[in-house]
Amino acid sequence: MPPLSELTTAENLSEDTVRRYRDDGFVHIPQVLSTEEVSTYRAASEALLERDMEIWAGGEDGGQVEVNYVTQAWRKDETLRALALHPGLSGIAARLAGGPLRLYSSEVLVKEPRKALPTLVHDDEAGLPMAGLSLTLTAWIALVDVPVERGCLSYVPGSHLRKESERLVHMTSFEHFRPPEDIWPDYPWQPRVTVPLRAGDVAFHHCRTVHMAGANDTDERRIGHGVIFMDDGTTYLPGVTDGYLSHMRPGQRLDDDKLFPVVD
């Protein structure tokens, strides 16, 4: 990994990269974090996993694990708060989005070696308890090398631009989930682009971009962070992942600067 002066920032991000993100709905940004930062954030993530890890079980016998995770990591650990609000990360997000953003959430995301199942095909919009998501995007931060065999993400280019009738716009229960091919008849014929990442790289994707991830078939944990930046002006819409928002009234703006800080 190169020295800090050579890392990718909002200032040296090319216009071509911004254009590719807006056309494709995703983009791979190399070397956003330094070697030292990766080490610091990985250690903090592993410590938080020891304390607060949740497990999503899958497989017919319940003996396999799709993903281990910690939700709202930035609210539970000061080091991981610094990661979610990292100026390099948030600056690139704002540049790609092209409009004002707030931090919504961050998660530690782990796939255990030789155990984790593939992640189902989905987009993020349907599961977010919010309305007004035209700019909302996720930064997927690699804290270890994530080659194809370790469960990196794949994306469907341009899928964020499909019409509303071809999207599962909002869910109030996971029972409402439907695979893309049930809603978008052309999905099976769409190309998919697989994006392996080095530790310190970040893949950004729009909340409407269809994506998936493979199984971890290596001997090392896949450890990453998903940080969601939402439109400044987003409002609460009751949904499937809103336990800590349930005190809010539908239509209320998520504009508390302490809970949802503005990023730039």
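# Strands, helices and rings in a predicted model

Q: Which residue of S11 stands opposite Leu153?
A: Strand S8 (residues 153–155) pairs with strand S11 (residues 211–213) in the antiparallel sense, over three bridges. Strands are DSSP runs of E with at least two residues, and helices are runs of H or I with at least four, numbered from the N terminus. Two strands pair if DSSP finds at least two bridges between them. In S11, the residue opposite Leu153 is Ala213.

Q: What kind of model is this?
A: Residues are numbered from 1 along each chain as its sequence is written, and side-chain values use heavy atoms, with hydrogens and water left out. Local features need pLDDT of at least 70, side-chain atom pairs count only at pLDDT 80 or more, and totals for chains, interfaces and linings use all residues, as this is a predicted model.

Q: What is the order of the four strands in the open sheet?
A: The pairing in this sheet is antiparallel. Its edge strands are S5 (119–122) and S9 (193–195), each of which pairs on one side only. Read across the sheet, the order is S5-S11-S8-S9.

Q: What is the average twist from one strand to the next?
A: The axes are lines fitted to C-alpha atoms (for helices over the stretch in contact), and angles run from 0 to 180 degrees between N-to-C directions. In the open sheet of four strands, the twist from one strand to the next averages 20°.

Q: How many of the 10 residues of S12 are buried?
A: Buried means under 20% relative accessible area, exposed means over 50%, and partly exposed lies in between (1.4 Å probe, protein chains only). Strand S12 (residues 222–231) is mostly covered, and its number of buried residues is 10.

Q: Which exposed residues sit on the face of H2 turned away from its buried side?
A: The buried side of H2 includes Val38 and Leu48. The face turned away from it carries the exposed residues Glu36, Glu50 and Arg51.

Q: Is Arg95 buried or partly exposed?
A: Arg95 is found in helix H4. That helix (residues 87–97) is mostly covered, with nine of its 11 residues buried. At 23% relative accessibility, Arg95 counts as partly exposed.

Q: What is the phi of Arg114?
A: Arg114 lies in the loop between strand S4 (101–111) and S5. At 57% relative accessibility, this residue counts as exposed. Arg114 is not a glycine, yet its phi is positive, near 60°.

Q: How many residues apart in sequence are the parts tied together by Tyr104 and Tyr244?
A: Rings of Phe, Tyr and Trp (its six-membered ring) pair if their centres lie within 6.5 Å; planes under 30 degrees apart count as stacked, over 60 as edge-to-face and the rest as tilted. Tyr104 and Tyr244 form a tilted pair, 6.2 Å centre to centre with 35° between the planes. Tyr104 lies in strand S4 and Tyr244 in the loop between strand S13 (235–236) and strand S14 (262–263), so the distance in sequence is 140 residues.

Q: Which residue lies over the face of Tyr187?
A: Trp184 and Tyr187 form a tilted pair, at 6.0 Å centre to centre and 45° between the planes. A charge sits over a ring if NZ of Lys or CZ of Arg is within 6 Å of the ring centre and within 35 degrees of the ring normal. Arg162 lies over the face of Trp184, at 5.3 Å from the ring centre. Over the face of Tyr187, at 4.4 Å from the ring centre, lies Arg192.
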